[in-house]
Amino acid sequence: MKVFVVIPAFNEEGEIAGVVREVLPLIDKIVVVDDCSKDKTKEVASEAGAVVLRHSVNRGQGAALRLGTRWSLQNGADIIVHFDADGQFRPIDIPRVTAPLIAGEADVVFGSRFLDNTTQMPSFKKKVIMPLARFVNFFFLRVKLTDPQSGFRAFTKEVGLKLHWRQDRMAHCSEILSLVAKGGWRIKEVPITVIYKDFGQSIFGGFKIIKDLFIKKLTK
Amino acid sequence: MPQIVIALLIIFYFLAKLFWQNKKRKISRNEFLFWLFFWLVALGIILFLKPLDQLVLALGFSASAIQVLLYISVAALFYFIFSIRLRLEKMDENITKLTEDVAINQAKK
């Protein structure tokens with residue numbers, strides 16, 4: 001089974017080469033989507049061995065993942081993994097995430113930071129933002145997963161062909177969770193470790209996600 | 001009374017500007033007619049504020065005609081801004097589709 005890893009990147013020239021070099025031996029192909037970076041992300045990722053696609057204007061992480069997924073499906077991927085460019089995800093977790101798909105036990109796998117205690121998450125995020133996000137996901141999207149904003153996910157080609165998320169920016173995470181739950185696919189969560197280099201999504205970012213989800217619902 | 005004079009001066013200024021723009025062909029015929037209608041309605045409201053007050057009272061509002069107009073304007077503005085926001089969202093979506101197609105085509109070359 002061919003495993004493709006899609007990595008959206010925006011101004012990541014400092015981290016992307018290391019990420020690509022560490023991930024590449026574990027999978028078949030890496031697709032880095034350069035979201036109109038101002039630095040040399042495209043050149044650095046390409047030199048490191050990734051296939052690089054480029055947005056000619058900045059469209060956001062959700063849009064970059066969509067492009068990378070589309071390209072992967074057109075180029076023979078059986079399993080697609082969504083990964084981050086900032087070095088916060090550990091490449092050694094990729095086989096953990098893809099294993100249930102290869103074994104035929106699941107159609108979609110989400111990496112969860114809450115299944116074991118290996119992730120050192122900022123306290124405010126762990127105790128306030130995440131429970132709030134979990135509640136919002138359950139209340140509005142009817143999704144009950146331990147990690148409400150997991151960006152580390154993998155799915156089969158069959159799911160990829162039917163998974164059409166519309167959110168271009170950070171709200172894609174919640175939308176994908178919702179679509180997967182509605183799609184009736186077999187979902188599995190596996191423990192992953194995230195190494196925090198910055199705080200990530202703030203509470204205001206959370207409100208923006210809710211606003212984006214609401215606006216997009218109205219334009220359906 | 002002074003406020004009515006100020007309002008009339010403002011309306012006459014915009015009407016004069018409108019006729020000048022039309023004469024210089026800076027706006028289309030339909031645009032001219034729309035704004036002419038708009039400012040003439042505003043003029044009518046200002047000139048007939050008293051009868052409008054009575055009309056508004058008869059309709060059961062406790063506020064004056066000018067206040068009711070203000071409420072309606074705020075509601076209309078909210079509606080128009082929200083429509084623009086939704087339109088922008090759709091445009092944004094189309095830009096993303098175009099960007100995606102361009103990137104895929106570039107990758108094929």
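**Figure 1. The loop between E1 and H1 of chain A, with Asn11(A).** In this predicted model, Asn11(A) lies in the loop that links E1 and H1 of chain A. Its phi is positive, about 50°, although Asn11(A) is not a glycine. Most residues other than glycine have a negative phi.

**Figure 2. The loop between E2 and helix H2 (41–48) of chain A, with Cys36(A).** Cys36(A) is located in this loop. Cys36(A) is also a residue other than glycine with a positive phi, here near 60°. Because 16 C-beta neighbours lie inside 10 Å, Cys36(A) counts as partly exposed.

**Figure 3. The open sheet of chain A.** Seven strands make up this sheet, in the order E3-E2-E1-E4-E6-E5-E7, and their pairing is mixed. Strand E3 (51–54) and strand E7 (187–191) of chain A are at the edges; each has a single partner strand, so one side of each has no neighbour in the sheet. On average, and with direction ignored, neighbouring strands of this sheet are turned by 20° against each other.

**Figure 4. Strands E1 and E2 of chain A, with helices on the sheet.** Six bridges connect strand E1 (residues 3–9) of chain A and strand E2 (residues 29–34) of chain A, which pair in the parallel sense. Val6(A) has Val31(A) in E2(A) as its bridge partner. Helix H1 (residues 16–23) of chain A packs on the sheet and touches E1 and E2 of chain A. The direction of this helix makes about 160° with that of E2(A). Helix H4 (residues 94–102) of chain A also packs on the sheet, where it touches E1, E4, E5, E6 and E7 of chain A. The direction of H4 makes about 145° with that of E4(A).

**Figure 5. Strand E6 of chain A between E4(A) and E5(A).** E6(A) covers residues 153–156. Arg153(A) and Phe155(A) point one way from this strand, Ala154(A) and Thr156(A) point the other way, and all are buried. In a regular strand the side chains alternate between the two faces of the sheet. Strand E4 (residues 79–82) of chain A pairs with E6(A) in the antiparallel sense, over four bridges. In this pair, Ile79(A) is opposite Thr156(A). Strand E5 (residues 108–112) of chain A also runs antiparallel to E6(A), joined by three bridges. Phe110(A) has Arg153(A) in E6(A) as its bridge partner.

**Figure 6. Strand E5 of chain A and its pairing with E7(A).** Five of the five residues of E5(A) are buried, so the strand is largely enclosed by the rest of the structure. Both faces are covered, with Val108(A), Phe110(A) and Ser112(A) buried on one side and Val109(A) and Gly111(A) buried on the other. Five bridges connect E5(A) with E7(A), and the two pair in the parallel sense. In E7(A), Ile187(A) is opposite Val108(A).

**Figure 7. Thr69(A) in helix H3 of chain A.** The helix covers residues 61–74. Thr69(A) is buried, because 22 other C-beta atoms lie within 10 Å and the class requires 20 or more. Beyond its neighbours within four places in sequence, Thr69(A) is in contact with Val6(A), Ile80(A) and Gly160(A). The C-alpha atoms of Thr69(A) and Val5(A) are separated by 8.8 Å, and the two residues are 64 residues apart along the chain.

**Figure 8. Helices H1 and H2 of chain B.** The axes of helix H1 (residues 2–23) and helix H2 (residues 29–47) of chain B come within 10 Å and cross at roughly 165°. At this angle H1(B) is roughly antiparallel to H2(B), because angles over 145 degrees fall in that class. The crossing of H1(B) with H2(B) is left-handed. Residues of the contact divide into 14 nonpolar, one polar and no charged. On the side of H1(B) they include Ile4(B), Leu8(B), Phe14(B) and Asn22(B), and on the side of H2(B) they include Phe32(B), Trp35(B), Trp39(B) and Ile46(B).

**Figure 9. The contact between chain A and chain B.** Chain A contributes 17 residues and chain B contributes 13 residues. The side of chain B that touches chain A has five nonpolar, two polar and six charged residues.

Technical notes. Residues are numbered from 1 along each chain as its sequence is written. Chains are lettered from A and ligands numbered from 1 in the order in which they are written. This is a predicted model: local features need pLDDT of at least 70, side-chain atom pairs count only at pLDDT 80 or more; totals for chains, interfaces and linings use all residues. Two residues are in contact if their C-beta atoms, placed from the backbone, lie within 7 Å. Ala, Val, Leu, Ile, Met, Phe, Trp, Tyr, Cys and Pro count as nonpolar, Asp, Glu, Lys and Arg as charged, and the others, Gly among them, as polar. A residue is buried if 20 or more other C-beta atoms lie within 10 Å of its own, exposed if 12 or fewer, and partly exposed in between; C-beta atoms are placed from the backbone. Two strands pair if DSSP finds at least two bridges between them. Axes are lines fitted to C-alpha atoms, for helices over the stretch in contact, and angles run from 0 to 180 degrees between N-to-C directions. Angles under 35 degrees count as roughly parallel, over 145 as roughly antiparallel, 65 to 115 as roughly perpendicular and the rest as oblique. A crossing is left-handed if the near helix is turned anticlockwise from the far one by less than a right angle, and right-handed if clockwise.
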